[in-house]
Amino acid sequence: MKRILNYINGSLVGHSEKNIPVYDPSKGEIISNVINSNKDDFEQCINSSLKSQIEWSNVTPLKRSRIMSNYKNIIEKNMQELAEIVSIEHGKTIDDAKGSITRGLEVVEFACGIPHLLKGEFSQNVGTNIDSWSVRHPLGVCSGITPFNFPAMVPMWMYPISIACGNSFILKPSEKDPSCGIRLAELFSEAGLPDGVFNVINGDKDIVRMILDNQNIDSVSFVGSTPVAKYIYETAAKNLKRVQSLGGAKNHLVVMPDANINQAVDAIIGAAYGSAGERCMAVSVAVAVGDIADELVNKIHLSSQKLKVAPWTNNDSDMGPVISKEHKEKIEDYIAMGVEEGADLVFDGRNYKIQGYENGYFVGPTLFDNVKDDMTIYKEEIFGPVLSVVRVKDYESALELINNHAFGNGTSVYTSDGEVAR
Ligand code: NAD
């Protein structure tokens with residue numbers, strides 16, 4: 001069986017004998033193993049990152065920008081292969097995978113402008129006969145710890161800018177879909193990046209702890225679930241690292257009585273069920289304002305019935321499976337809890353079976369109506385294809401509802417009133 005290693009100093013390497021299984025979520029079968037790295041792997045990684053960073057920081061921003069520009073072209077050329085790597089381990093459709101890589105590429109494109117972005121500032125006579133200027137220096141070794149749901153895009157939020165600024169970067173991808181990180185690093189080498197500037201180390205929470213505790217790592221970027229985000233933030237900050245830590249979400253889409261309902265329903269279907277709801281920007285709550293609620297629920301129900309739930313290898317698939325057996329069970333438990341707490345289950349995606357893929361982690365689109373703000377399915381992030389409709393009387397009540405929620409990432413408003421309220 002294939003074993004996924006680390007990418008350190010331009011080579012695929014690994015000391016640890018321990019493995020973590022990687023699954024095909026469409027079939028529920030182990031398809032490869034990924035190394036669960038140990039201290040020796042980490043030492044090799046940090047030594048390579050420290051050494052390469054010194055030389056890399058002396059490469060002119062213009063040369064760094066040229067390598068970045070080559071990288072953009074190489075990713076575009078390899079888009080199909082990268083998307084398949086994402087889909088095999090994550091389960092999302094090829095179109096979804098390509099869309100996410102394209103979003104990541106936007107950051108690579110932005111990083112191509114680094115010679116201009118790195119300019120400093122000069123202020124004259126800030127005090128009598130005193131001028132002041134600022135110069136941007138690289139930090140040193142930066143790191144990123146990323147979630148399973150966007151194995152290309154989320155790492156690409158982090159390392160292109162970091163590397164363009166003259167830092168070296170250590171990526172610790174999700175152990176659930178680790179292959180994409182490795183391939184992205186190989187392609188960067190192909191684009192001309194010197195060995196060791198971008199290293200990928202695989203493993204679980206032990207490697208994360210080594211990153212957080214290592215005095216030679218200057219910054220940590222994290223994206224993932226809220227409890228881990230808090231732990232990363234606290235531990236990295238205590239160790240005096242620069243840290244950005246993004247956690248879970250709950251996103252509302254408000255439908256006003258004057259909205260074009262069909263347009264709103266199209267948006268809701270894509271945003272609630274696309275990528276099986278495993279997006280931090282997924283719309284998990286539709287807020288129906290005034291008397292449009294019945295029509296809205298009926299139309300969402302009709303459209304969700306038409307969605308094709310299938311493995312990514314099926315060209316008409318609208319949504320694939322969720323990431324793991326445990327996650328499928330967790331989502332199904334939330335659905336049961338919604339019913340227990342009194343929400344109306346309009347469309348039930350539990351026990352979803354596809355012929356030939358009976359062991360796959362599929363959950364069908366699920367729709368709840370008359371959800372209240374004290375229900376668990378409203379308060380917590382489900383991270384699956386489960387949409388809650390909350391009915392409110394007016395726009396002010398919709399705003400109050402959303403502002404009182406503990407989480408947020410984005411809110412959309414559907415209205416035909418040109419002045420979208422803020
Ligand atoms: P996760 O928190 O389980 O894992 C994220 C990373 O942290 C992985 O690399 C994992 O190996 C590591 N990790 C897991 N448990 C750990 C522990 N106890 N100690 C140290 N490291 C640990 O998240 P996930 O399930 O992979 O991703 C889904 C979550 O990510 C959702 O909550 C989603 O909302 C969130 N997310 C947020 C954004 C955003 O922009 N805010 C974007 C994408 C995903």
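Predicted model: local features only at pLDDT ≥ 70, side-chain atom pairs only at ≥ 80, totals over all residues.
Good morning, everyone; I will begin with the inside of this structure, which holds two cavities of 30 Å³ or more. A cavity here is a set of points, on a 1 Å grid over the protein atoms alone, where a 1.4 Å probe fits but cannot get out, and a lining residue has an atom within 4 Å of such a point. Grid points are joined across faces, edges and corners, and a volume is the space filled by probe spheres set on the points.

Residues are numbered from 1 along each chain as its sequence is written, and side-chain values use heavy atoms, with hydrogens and water left out.

The largest cavity has a volume of about 110 Å³, and among its 16 lining residues G277, A282, S284, E381 and F383 lie nearest its centre. Its lining divides into eight nonpolar, four polar and four charged residues, where Ala, Val, Leu, Ile, Met, Phe, Trp, Tyr, Cys and Pro count as nonpolar, Asp, Glu, Lys and Arg as charged, and the others, Gly among them, as polar. The second largest cavity, at about 40 Å³, has a lining that includes Y7, G10, D195 and F198, and helix α7 (residues 179-190) gives the largest share of that lining, three residues. Helices (H or I, at least four residues) and strands (E, at least two) are DSSP runs, numbered from the N terminus.

Now to the pockets, a pocket being an open set of points with protein on both sides within 12 Å along at least five of seven lines. How much space lies in the largest pocket? About 1000 Å³ lies there, and of the 42 residues that line this pocket, P147, F148, G224, S225 and V228 are the closest to its centre. The elements that give two or more residues to this lining are α6 (153-164), α8 (205-213), β11 (219-223), α9 (226-238) and α12 (325-340). By class, the lining of the largest pocket has 21 nonpolar, twelve polar and nine charged residues.

The second largest pocket has a volume of about 460 Å³, and L139, I161, S162, C165 and N167 are the closest to its centre among 23 lining residues. Here α5 (114-117), α6, β11 and β12 (242-246) each supply at least two residues, and the classes are 15 nonpolar, six polar and two charged.

Let me turn to the sheet, in which six strands form an open arrangement in the order β15-β16-β17-β14-β13-β18, with mixed pairing; two strands pair if DSSP finds at least two bridges between them. The edge strands, each pairing on one side only, are β15 (344-347) and β18 (411-414). Strands β16 (residues 366-369) and β17 (residues 386-392) pair in the parallel sense over three bridges, and F368 has S388 of β17 as its bridge partner.

Finally, is T93 buried or exposed? This residue sits in the loop between α3 (79-90) and α4 (94-111), and T93 counts as buried because its relative accessibility is 9%, buried meaning under 20% relative accessible area, exposed over 50% and partly exposed in between, with a 1.4 Å probe and protein chains only. Leaving aside neighbours within four places in sequence, T93 is in contact (heavy atoms within 4.5 Å) with S87, W312, S317, D318 and M319.
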